[in-house]
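Subject: Structure for your files

Hello,

Please find the structure below. My notes on strands, a helix and pockets follow it.

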Amino acid sequence: MTARNTAYPFISTDTDALTTLLTKAYERITGTTVRPASPERLFIQWMSSILVQERVQNNYTGSQNIPSRAVGENLDALAELTHCRPRPEAAPAGCMMRFYVSQPLPTALIVPAGTRVTDAAGSLVWATEAEACIPIGETSVETLARCQTAGTVGNGFLPGQINTIVDLYDYYTACENITASDGGADRATDEEYYELMRASMDAYSCAGAKGSYIYFAKQVSTEIADVIAASPVPGVVKLYVLMRDGTLAGDEIKRAVLNACSADEVRPLTDQVFVEDAEIVPFDISFAYYIQSGGGKSAADIAAAVQQAVERYKAWQCAKLGRDINPDELREYLYHTGVKRIELASPAFTALRDGRDKLTPQVAAVGTVTITNGGYEDE
């Protein structure tokens with residue numbers, strides 16, 4: 001995709017070319033020759049610099065009318081042309097909380113909406129979204145709680161880690177999250193919002209098009225990297241969601257995607273929509289690399305570059321559902337680090353399903369990584 005900080009060159013901003021053009025025009029009009037360092041030449045150069053700055057501004061203004069180059073509020077304004085929804089704002093993470101009382105009670109007990117809880121370190125505060133009622137004779141109730149700080153910061157709290165109450169209620173004895181927190185997302189970047197604008201073209205379909213389901217699913221969170229919409233049998237739509245860190249979507253994201261894609265204005269009446277997990281295909285990375293004697297890079301620099309190349313490969317390999325496990329891509333990254341030779345033991349090429357065969361799609365997941373420095377070799 002075109003870099004957003006690069007303006008399309010509607011008008012040339014070559015100062016030397018503009019100075020030459022103005023000089024020729026001046027000489028033709030006045031019938032005199034403009035000498036180097038003459039007052040006329042200095043004035044023309046000054047005018048050229050002003051005109052070039054105006055041309056730069058004109059190029060920038062024109063580029064802000066091109067969605068792939070527009071930034072910030074300018075991109076938001078262009079979204080009106082595609083009838084795209086407003087830029088997704090940061091969203092808070094959520095989890096299911098369980099609240100306990102010390103003993104069964106002869107009357108129902110209400111855990112008020114907005115009851116706040118936190119983790120043992122008090123790093124973040126969560127609040128219940130609705131009233132929860134512990135029935136007569138019961139000792140606990142479950143309800144949804146939202147992080148009070150929007151963004152991905154609230155993701156990843158494991159069950160049992162959010163276990164400290166802030167707002168006490170009668171007969172309270174304990175609380176805990178029973179699901180891992182997820183669903184938190186940061187505000188959409190310009191790149192992410194641009195991709196949503198492109199995908200919004202599929203949203204005009206009212207016939208359950210594949211692109212339409214993918215578009216509405218991706219609107220749920222900016223942390224969603226990939227979505228596959230498949231129909232294994234007529235009338236059934238299965239959605240598979242992959243997050244930007246290469247993991248499968250958690251319960252909160254899957255619930256939100258299901259709600260978004262089951263809405264009456266999205267789902268045809270004949271469709272049954274399900275959100276399911278892709279099949280994980282684990283693979284290991286193991287290789288040895290050798291450095292050429294007398295090369296320009298130090299062994300330490302090459303080792304650091306090799307580690308970075310592996311991280312880039314892992315991010316690429318696990319970023320898309322159905323992407324084949326491709327060792328040649330790893331070789332490509334490694335050969336740009338300055339190594340002389342690579343002995344790659346794993347991974348081996350493995351074709352993954354992408355859902356088009358009506359079977360559950362697959363996604364690669366990295367297991368162990370073993371990197372061996374084989375030392376120096378002569379050319």
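Strand 1 (94–101) pairs with strand 6 (140–147) in the antiparallel sense over seven bridges. Strands and helices here are DSSP runs numbered from the N terminus (strands E, at least two residues; helices H or I, at least four), and two strands pair if DSSP finds at least two bridges between them. Tyr100 is opposite Ser140 in strand 6.

This is a predicted model, in which local features need pLDDT of at least 70 and side-chain atom pairs count only at pLDDT 80 or more, while totals for chains, interfaces and linings use all residues. Residues are numbered from 1 along each chain as its sequence is written, and side-chain values use heavy atoms, with hydrogens and water left out.

Strand 1 also pairs with strand 8 (residues 172–177), again in the antiparallel sense, over five bridges. There, Val101 has Tyr172 of strand 8 as its bridge partner. Because six of its eight residues are buried, strand 1 is largely enclosed by the rest of the structure. Buried means under 20% relative accessible area, exposed over 50%, and partly exposed in between (1.4 Å probe, protein chains only).

Helix 6 (residues 251–261) has Glu252, Ile253, Lys254, Val257 and Cys261 buried. The cover over these buried residues includes strand 1, strand 6, helix 5, strand 9, strand 10 (236–243) and strand 11 (272–276); contact means heavy atoms within 4.5 Å.

Now the pockets. On a 1 Å grid over the protein atoms alone, a pocket is an open set of points where a 1.4 Å probe fits, with protein on both sides within 12 Å along at least five of seven lines; lining residues have an atom within 4 Å of a point. Grid points are joined across faces, edges and corners, and a volume is the space filled by probe spheres set on the points.

The largest pocket holds about 390 Å³ of space. Its lining has 19 residues, with Glu195, Lys218, Ile224, Ala225 and Arg244 nearest the centre. Helix 4 (190–199), helix 5 (210–218) and strand 9 (224–230) each supply at least two lining residues, and helix 4 has the largest share, five residues.

The second largest pocket holds about 270 Å³. Of its 15 lining residues, Lys210, Val227, Ile228, Ala229 and Asp354 lie nearest its centre. Helix 5 and strand 9 are the elements that give two or more residues to this lining, and strand 9 gives the most, with five.

Regards
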